[in-house]
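Here is a short briefing for a first look at this chain. Start with the picture, then take the topics one by one.

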Amino acid sequence: VRESGLSATRARVLLRDATQLAGLAGFLTVGASLLVGPLVMGVYGANYSVDNFFLAAYMLAGLLNAPIAIMGNAILARNGQWVWAKITFLWLVVLVMAAVVAVSVGLGGWAGALSQALANAVQLVLTWRICRRWGMV
């Protein structure tokens, strides 16, 4: 976080609080998807049959994006564009590789949620490690 006059301690607290709030919003979204997921899937008609947790699985995979976005912006604010580009490239590689494997073993639509969750987990770990190394968390 780059702001004139903001101490390093205050910047860490701001980053922590923003990450926690984003995570809370993500959890609320996952909870809502558990409640309304069957209704949303029902819009596709009686012949469309998926597990009640199908939509929630994608939301849960996306939940990791909340802290990633906050910490990623903090990396960018510290002139870490190339670092962020490398992390994003690794995320893409993991996403594609996991999707190819998941589809090849026959996971169907679940392959998307699984590959997204795996790629996001890798990106979250890398992002957190960079923020930790740079003293931001």
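Is Val105 buried or exposed? Val105 is exposed, because its relative accessible area is 59%, over the 50% cut-off. Keep in mind that this is a predicted model.

**Overall fold**

- The chain has five helices and zero strands.
- Read from the N terminus, the order of elements is α-α-α-α-α.
- The C-alpha trace spans about 60 × 30 × 15 Å along its principal axes.
- The chain holds 137 residues, and 28% of them are buried.
- Take the contacts between residues at least 6 apart in sequence: 73% of these join residues at least 24 apart.

**The largest nonpolar core**

- Ten residues make up the largest nonpolar core: Leu15, Ile68, Met71, Ala74, Ile75, Trp84, Ile87, Ile130, Cys131 and Met136.
- Three helices each supply at least two residues of this core: α3 (65–77), α4 (81–104) and α5 (110–133).
- The largest share comes from α3, with four residues.
- In soluble globular proteins, nonpolar side chains tend to be buried together.
- Leu15, one of the core residues, touches Ile70, Met71, Ala74, Met136 and Val137, leaving aside residues up to four places away in sequence.

**Helix α4**

- α4 has 24 residues. From first C-alpha to last, α4 reaches 34 Å, close to the 34 Å expected at 1.5 Å a residue.
- The buried residues in α4 are Trp84, Ile87, Trp91, Leu95, Ala98 and Ala102.
- Among these, Trp84 and Ile87 also belong to the largest nonpolar core.
- The cover over the buried residues of α4 includes α3 and α5.
- Gly106 follows α4, and its phi is positive, near 85°.

**A buried glutamine**

- Gln123 is placed in helix α5.
- Gln123 counts as buried because its relative accessibility is 6%, under the 20% cut-off.
- What does Gln123 touch, not counting residues up to four places away in sequence? The list is Ile68, Trp84, Ile87, Thr88 and Trp91.
- Ile68, Trp84 and Ile87 are also members of the largest nonpolar core.
- Trp91 is one of the buried residues of α4.

**The salt bridge**

- How many salt bridges does the count come to? The count comes to one.
- Arg16 pairs with Asp17, and their closest N and O atoms are 3.0 Å apart.
- Arg16 counts as partly exposed, because its relative accessibility is 44%, between the cut-offs of 20% and 50%.
- Asp17 is partly exposed too, because its relative accessibility is 30%, which also falls between 20% and 50%.

**The surface**

- The accessible surface of the chain comes to about 8500 Å². Carbon and sulfur atoms account for 69% of that area.
- A nonpolar patch on the surface is formed by Leu34, Phe53, Val101, Val105, Leu107, Trp110 and Leu114.
- Together these patch residues have about 660 Å² of accessible area.

Terms used
Residues numbered from 1 in each chain as written. Predicted model: local features only at pLDDT ≥ 70, side-chain atom pairs only at ≥ 80, totals over all residues. Heavy atoms only, no water. Core = buried A, V, L, I, M, F, W, Y, C linked by side-chain atoms within 4.5 Å. Buried < 20%, exposed > 50% of the residue type's maximum accessible area, 1.4 Å probe, protein only. Contact = heavy atoms within 4.5 Å. Salt bridge = Lys/Arg side-chain N within 4 Å of Asp/Glu carboxyl O. Patch = residues over 30% accessible without salt bridge, like charges linked within 9 Å, V, L, I, M, F, W, Y side chains within 5 Å. Areas by Shrake-Rupley, 256 points an atom, 1.4 Å probe, with all protein chains shown as cover. Expected span 1.5 Å × (residues − 1).
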